[in-house]
Amino acid sequence: MASVYAHRAFMGSATSRPMSTPCMVARLSKVGSTSSRSSLQQRSWRRGASSSSGKKNSSSRSRKPLPYRAESSTQPPSSSSQATAAPSGSIFPKTPSSATPEPVSQLFRTRWLGLFGAGAAALCLGTFTASFWIANRGEAPSYVTGCEPVVPTGRPAIESPVDFDRHLDKSEWRFGITKLRRRLAAEATGHVLEVAMGTGRNMEFYDWDAVTAEYVAAGERNRSKLAKRGWGTKGNIADLLEMETFTGVDISPAMLDIGLRRLRQVVPHGALEDALPKQPSFDQLAAQSPGASGGVQLLRGKVRVLQGDAQSPLPAPPTGVDKYDTVIQTFGLCSVRDPTRLIHNMAAVVKPETGRIILLEHGRSWWELINGLLDRSAKGHFERFGCWWNRDIEHIVEVAQSQIPGLEVVEFQRPGWTTLGTHVWVELRVRNVKPAGSQATGGNESSSGWLGSLGSSWLSVSPPKNGEKKE
């Protein structure tokens, strides 16, 4: 029985499964080939469609117009934009008139620097124009040199000497006066006299090596001389011209107090630290200084600071010296009663032929417009600083040259373009002039009578008086 049931189960399972006959295999292979062909055709059709769409897209990209802006296909261009469109050959098309303007807040945020600069320039120009118009409405007052409403005394009128000296720091650097002081001090050689030295603003530029030579070793001193002369140049270093002694004169003791303080700072090697306190007083030191009449004598007479009026005869050089080699004066002709007399006093103490008088002054310019501004502000400037800055320095030098025998102008220039010709550099010297009686010859001695007196009257020329302009 068990075998019968097993046979029946086997036969049932065989009938439930399909029989894989050769006909069925061939039919299935045909169906598979047709399905594979249709799938391949579908893939090739999709590839063709994608390639055709890519070609269309590439053709649409190639037709993009300049300047490479994407065209809007949803909204057609308006007539106004077509009217304002750029021509086909233009690279920079015009902006459409329908563009929205930039708001003011954004304009100030993005361009504030340029707007601020333009406003500041307009404000400065307007202020200058208004002040210039107000200052030039009336006629400018003019004064003859030495006949001003107030006689200068050489002292600041309102400001204290300390404020006066502090005010000059920035203004002198701005207008190039510091550079001129350095150039002036480089010309100071031999026995030097500085007239109207004030607070001693030239002292820091002087060469003090020869004055303080005893505080330096011989080898260092020779190296310093070689450096000044130049390594490899011919000549003896003993012939090098340096400042040997210094004498400063001013009328104001308060100015000399500041001058002594500056002198203590600028003289090298601490040569004056023991002789001068940190806050020196000229009156106290002058009373304690032996051998210096009315002044302070330092470094065994090599440095002297004296009180005196430049309108009076100037002090003599140190002992054993006949006259000074260099006489320096800065911004003093505008601060004295008679500037011609000051030049006469300086010419009397300088060595003839070899000595030099060097002046650094301010006064009238080339331009009448600048002279008008100087005339209108001269009184206010005098009330503050005590000097008349509208004096004609060139005329003063010409008058002094006509009155002082042998005085000769070596150099006259107006340095610096920032000062508009108001600053003047003058270099003078005194020539040896023989008296008029020693120049008579034999022929002149024989002339007598009215003919001789007539000839002498023709040849003699009387010098012009003080204040008259030389023609």
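The structure is a predicted model, in which local features require pLDDT of at least 70 and side-chain atom pairs count only at pLDDT 80 or more, whereas totals for chains, interfaces and linings use all residues. Residues are numbered from 1 along each chain as its sequence is written, and side-chain values use heavy atoms, with hydrogens and water left out.

The protein contains 15 helices and 8 strands, these being DSSP runs numbered from the N terminus (helices H or I, at least four residues; strands E, at least two). Of the 471 residues, 30% are buried; buried denotes under 20% relative accessible area, exposed over 50%, and partly exposed the range in between, with a 1.4 Å probe and protein chains only. The accessible surface amounts to about 30000 Å², and carbon and sulfur atoms contribute 58% of it; areas were computed by the Shrake-Rupley method with a 1.4 Å probe, and for residues only the protein chains shown count as cover. Among contacts (heavy atoms within 4.5 Å) with a separation of 6 or more, 70% join residues 24 or more positions apart.

Helix α6 (residues 161–174) and helix α9 (residues 253–266) have axes that come within 9 Å and cross at roughly 55 degrees. The two helices are therefore oblique to each other. Axes are lines fitted to C-alpha atoms, for helices over the stretch in contact, with angles from 0 to 180 degrees between N-to-C directions; angles under 35 degrees count as roughly parallel, over 145 as roughly antiparallel, 65 to 115 as roughly perpendicular and the rest as oblique. On the α6 side the contact is made by P161, V162, F164 and D165, and on the α9 side by A254, M255, I258 and R262. These residues comprise 6 nonpolar, no polar and 2 charged, where Ala, Val, Leu, Ile, Met, Phe, Trp, Tyr, Cys and Pro count as nonpolar, Asp, Glu, Lys and Arg as charged, and the others, Gly among them, as polar.

D165, in helix α6, is buried at a relative accessible area of 9%. Its side chain forms a polar contact of 2.7 Å with the side chain of T199; such a contact is a pair of N or O atoms within 3.5 Å, one of which, within protein, must be able to donate a hydrogen and the other to accept it, and residues adjacent in sequence count only if both atoms are side-chain atoms. R262 of helix α9 is likewise buried, with a relative accessible area of 16%. A polar atom of the R262 side chain lies 2.5 Å from the backbone oxygen of T199. Beyond four places in sequence, R262 touches D165, T199, G200 and R201.

Helix α11 (residues 339–349) is largely enclosed by the rest of the structure, because 8 of its 11 residues are buried. The buried residues of α11 pack against β1 (190–195), β5 (326–330), β6 (356–362), α13 (393–403), β7 (407–413) and β8 (423–430). E353 lies in the loop between α11 and β6 and is partly exposed, with a relative accessible area of 26%. Phi of E353 is near 70 degrees, a positive value in a residue other than glycine.

N390, in the loop between α12 (368–385) and α13, is buried, with a relative accessible area of 8%.
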